[in-house]
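Here are my notes for a first look. Keep the structure open as you read.

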Amino acid sequence: MNELLNNILFLPEQASTFAERVDSLHIFVVTVTMLSSFAVGTAALYFFFRYRRRTAEQMTEYVVPSVKTEFLFVSLPLIFFLTWFVIGFRDFVFVTTPPKDAMDVYVMGKQWMWKFSYPEGPNGVNVLHVPANRPVRLLITSRDVIHSFFVPAFRIKMDAVPGRYTQTWFEATKPGTYQILCTEYCGLSHSKMLGEVVVLSPEEWDAWLKEQRRGDLANRQDALADLSLAPPPARMAEQGQKVAAEVGCFKCHTVNGEPHIGPTFLGMYGRQETLQDGNDIIADEAYITQSMMDPGAHLVSGYPNAMPTFQGKLTGPQTAAIVEYIKTLRTPDIRTTGASQG
Ligand code: CUA
């Protein structure tokens, strides 16, 4: 019966304990308003014809209602709307009061993704894992603009507001995957700010949690090892060296100070170069980057115009990594460091 009604009304699948309550209220509201407007419309039509003016002199009778009728006209709608309020308020209280034993999950919206963190464990981006048949409380905030967290199958929707936490909760009733949408216009990729809730059976949930904790620990150990071995810039330089080898920089540039087809990378960073147009230039990050993108623009005197452009062949991060790599090849007599001046 419920499923049939859902199909008729184009409602999404019901997958939480709210769904049925929300839908019942929805169906109640739709049915009552439709019946009322039908009754009012029909009555109006009937009155138009039954009491229309038939001759030019005809006047409408002056009607004085009895106190009893007037009382009826006021109290009946009042009772009706109060009943409606009570039905809705009961559901409102249910939906806004998370059970005490609910599991907490932090939700952060940012342009344009959803991030989930579990207080005692793993993090996730765009995918929220939860156990079935267990209440979950969501503490929602935003890092930039207002977003809105919406899971149609659960019938929950809550704004994500920067600088404060809002909360909502749900209890998923059946394992499966359900869509998360952002329902507050939040910029260019608002329509792509999607995610999903993966509802797991209790056994799957335990297994998933265990696996995440193991992975999380391993990640943390990796991160620590990374930190003690090499700070981030050195890693970027390593990457730059790899990229430079891949795209063939070393065919023309040496790293031992010997000039080849192009100037050597050794000591290039911060070096003063005389250009073919007679101007001097300091080879800083901007110059080195430009030399990769538009090599003909500032040719160093004494070298041929032989370098191809790497525009479109290197990504931004790759270009930066190569610059970082060249920076590691600076020679001690460089003037730009300022270390000698204290
Ligand atoms: Cu986030 Cu729309």
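1. Start at Tyr 178. In this predicted model, Tyr 178 is buried, because 21 other C-beta atoms lie within 10 Å and 20 or more count as buried. Tyr 178 belongs to strand S9, residues 176–182.

2. What does Tyr 178 touch, leaving out residues up to four places away in sequence? The contacts are Ala 15, Val 151, Ala 153, Phe 154, Glu 196, Val 197 and Val 199. Take Phe 154 from that list. Phe 154 and Tyr 178 are 24 residues apart along the sequence. In space, their C-alpha atoms are 8.4 Å apart.

3. Now look at helix H2. This helix covers residues 17–50, which is 34 residues. From first C-alpha to last, H2 reaches 50 Å. That is close to the 50 Å expected at 1.5 Å a residue. Is H2 largely in the open or largely buried? Two of its 34 residues are buried, so H2 lies largely in the open.

4. Next, strand S1, residues 103–110. S1 runs parallel to strand S5, residues 135–142, and seven bridges join the two. To find the pairing on screen, look for Asp 104, which stands opposite Arg 137 in S5.

5. S1 has another partner to check. Strand S2, residues 113–117, pairs with S1 in the antiparallel sense, over five bridges. Here Lys 110 stands opposite Met 113 in S2. What joins S1 to S2? The link is a hairpin, through two residues.

6. On confidence, the chain averages a pLDDT of 82. A score of at least 70 is reached by 87% of the residues. Where in the chain is confidence highest, and where lowest? Strand S6, residues 147–151, is highest, at a mean of 95. Helix H4, residues 202–229, is lowest, at a mean of 68.

7. Two stretches call for a separate mention.

8. Last, the scores for the complex. The predictor gives an ipTM of 0.97. The pTM is 0.57.

Terms used. Residues numbered from 1 in each chain as written. Predicted model: local features only at pLDDT ≥ 70, side-chain atom pairs only at ≥ 80, totals over all residues. Pairing = 2+ DSSP bridges. Helix = DSSP H or I, 4+ residues; strand = E, 2+ residues; numbered from the N terminus. pLDDT = per-residue confidence, 0-100. Expected span 1.5 Å × (residues − 1). Buried ≥ 20, exposed ≤ 12 C-beta atoms within 10 Å, placed from the backbone. Contact = placed C-beta atoms within 7 Å.
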